[in-house]
Amino acid sequence: MRLDKFISDSAALSRSEIRKLIRYRAVTVNGTVAPSADFQVRETDEVKLNGKLIPYRKFIYLMLNKPAGYLSATEDKHDPVVIDLIPEEWKHFKVFPVGRLDKDTEGLLLLTNDGQFDHALMSPKKKIMKRYYAELDRPAEPGDIEKFRAGMKFQDFTAQPAVLEIPGDPKKVFIEIAEGKFHQVKRMCQQIGKEVIYLKRVKIGPLSLDESLTPGEMRELTPAEYQLLT
């Protein structure tokens, strides 16, 4: 690939900034000063900017603790979106949310620029369970567990069998679903006569939310976490 593409994929620099740095002889490839922006390099080449190594990175995978009030979108004319929370160092990757969380729902949301990763996680065939912590206006009852387990029919779709756990306080429950339809958890709770007053996603498949992240904070997935999902 072209040298300027290699650097723009891997660093928060514009193509014009990169070309200027190359003209100023600030870029080296495998120890030799780069001759031009269109110089051909490989992903494995050692590219340095002002002596600092720039490892090639095409994709990035971020874990966000989504705060309430943000849409799971890349842009919106009326409401803030999760992309607004991206730190400057990662903005050039042009990430997008993997799936979605409702505007008032908090918790685990993944962001990436890898379309295949997104498809693999969101494909209905995968049946990856998503786990939520929910606070209800009325106590959940033991009979509600079977209603979730049996699946539920709605006018626009039929929810697959789901899991309702009542670990202690019956107003504070955990719910696991395989899909992610619009307001699905809230609608399922409504069908058993309860309203969700607080909702937070805490797990996607085997990946748990890093509770050290405050709402609005994010970090890159570790290699081990990435492997859990692929």
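Which strands and helix do the buried residues of H5 pack against? In this predicted model, local features need pLDDT of at least 70 and side-chain atom pairs count only at pLDDT 80 or more, while totals for chains, interfaces and linings use all residues. Residues are numbered from 1 along each chain as its sequence is written, and side-chain values use heavy atoms, with hydrogens and water left out.

Helix H5 covers residues 184-191, and its buried members are Gln-184, Val-185, Lys-186, Met-188 and Cys-189 (buried means under 20% relative accessible area, exposed over 50% and partly exposed in between, with a 1.4 Å probe and protein chains only). These residues pack against helix H4 (142-149) and against strands S8 (130-136), S9 (152-153), S10 (158-159), S12 (172-177) and S13 (196-204). Gly-193 comes after H5 and has a positive phi, near 85°.

As for the chain overall, its secondary structure amounts to six helices and 15 strands; these are DSSP runs numbered from the N terminus, with helices (H or I) of at least four residues and strands (E) of at least two. The C-alpha trace spans about 70 × 35 × 35 Å along its principal axes. Some 45% of the 230 residues count as buried. Looking at contacts (heavy atoms within 4.5 Å) between residues at least 6 apart in sequence, 64% join residues at least 24 apart.

Asn-113 sits in the loop between strand S7 (106-112) and helix H3 (115-122), and it counts as buried because its relative accessibility is 17%. Its side chain reaches the backbone nitrogen of Ile-60 at 2.9 Å, and a polar atom of that side chain lies 3.3 Å from the backbone oxygen of Phe-93. Setting aside neighbours within four places in sequence, the contacts of Asn-113 include Lys-58, Phe-59, Val-95 and Phe-96, as well as Lys-94.

Lys-94 itself is found in the loop between strand S5 (61-66) and strand S6 (96-98). Its phi is near 55°, a positive value in a residue other than glycine, and with a relative accessible area of 65% Lys-94 is exposed. Asn-30 is not a glycine either, yet has a positive phi of about 50°. It lies in the loop between strand S1 (27-29) and strand S2 (32-33), and at 44% relative accessible area Asn-30 is partly exposed.

Definitions and conventions. A polar contact is a pair of N or O atoms within 3.5 Å; within protein, one must be able to donate a hydrogen and the other to accept it, and residues adjacent in sequence count only if both atoms are side-chain atoms.
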